[in-house]
Amino acid sequence: MDGFTVLVARYGLAAVFLLTFLENAGLPIPAFPVLMLAGAYASTRLTAVPLIAGAAVAGALLADGIWYHVGRWRGKRVLDHLCRVSFNPDACLERAVDGFHRRMGATILFAKFLPGVNTIVPPLAGVSAMSFPLFLLLDFAGALLWAGAGIALGVAFGEKIAETARGFQGWMGWMLLSGLAATVAWRIAYRFWLVKRYAANRLEPEEVHRRMREGEEILVLDLRRDDDYAASDRMVAGAVRVRPASFPRHAHHLPRDRDLVFYCT
């Protein structure tokens, strides 16, 4: 926070542009507090407010535009990389795509207020082949709403925020770093626990085929991703198709009197 305060005080609009660009590019940089700080500094000179908003929106649009074209170029592969931090990457990808198509406009408008969603929405728009002018228009409105909210809070509380920032700058930085480190450590530990708790024996296809041929009651669940399922012309005989994103809804209804075999991408 100390560095952010110095950057905003010394470099003004350039710092606002850079920090909003970096956050929307996917780096863990809290740009919203920076906008509040910039608004606080501008509270005694309101003519600077439109310039701050313009710099923030420009930085956000530049990063989002890059992500949009990366999505158009790389397709769902870029979403695979973004979802790898999730406990269930396949489900993360499907939920993101389904949610985007159901509430496309609202998702783009309010994405910047939702950590994690903000980074995945622009490439999603590119993957979905959404019109770039339409995406740019909605993204501009969302960026303006987000930047305006931060700046307005800074202007409203002006002097208090500017004074408090100097007092908070030291321990706030440590809090952010500690929180980030704790989150990463917890996710890694929880992933290892999930693997250890729910690990199952791996079966070769020949073994599954032999057991089914001998009449064993085996329920085979096809958990392949949508793209792989659609592109394939084969399916295990008698298998039940379950999309990864919807698996939690089916898990409690699975039979407990027979062996379950899962196969996925």
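Q: In which helix is Phe17 found?
A: This is a predicted model. One of its helices, α2, spans residues 13-24. Phe17 is found in helix α2.

Q: Does Phe17 count as buried, partly exposed or exposed, and why?
A: Buried means under 20% relative accessible area and exposed means over 50%, with partly exposed in between. Phe17 has a relative accessibility of 30%, so Phe17 counts as partly exposed.

Q: Which residues make the nonpolar surface patch of about 330 Å²?
A: Two elements, α2 (13-24) and α4 (49-74), each give two or more residues to the nonpolar patch. The patch is made by Phe17, Leu18, Leu62 and Ile66.

Q: Which element gives the most to the largest nonpolar core?
A: The largest nonpolar core has 17 residues, and Val16, Leu35, Ile52 and Ala147 touch the most other members. Elements that give two or more residues to this core are α3 (31-41), α4 and α9 (132-198). With seven residues, the element that gives the most is α4.

Q: What share of the residues of the protein chain count as buried?
A: The protein chain comes to 12 helices and three strands. A residue is buried at under 20% relative accessible area. Of the 265 residues of the protein chain, the share that count as buried is 35%.

Notes:
Residues are numbered from 1 along each chain as its sequence is written. This is a predicted model: local features need pLDDT of at least 70, side-chain atom pairs count only at pLDDT 80 or more; totals for chains, interfaces and linings use all residues. Side-chain values use heavy atoms; hydrogens and water are left out. Patches are made of residues with over 30% relative accessible area and no salt bridge: like charges are joined within 9 Å, nonpolar side chains (Val, Leu, Ile, Met, Phe, Trp, Tyr) within 5 Å. Accessible areas come from the Shrake-Rupley method with a 1.4 Å probe; for residues, only the protein chains shown count as cover. A salt bridge is a side-chain nitrogen of Lys or Arg within 4 Å of a carboxyl oxygen of Asp or Glu. Helices (H or I, at least four residues) and strands (E, at least two) are DSSP runs, numbered from the N terminus. Buried means under 20% relative accessible area, exposed over 50%, partly exposed in between (1.4 Å probe, protein chains only). A nonpolar core is a set of buried Ala, Val, Leu, Ile, Met, Phe, Trp, Tyr and Cys residues joined through side-chain atoms within 4.5 Å.
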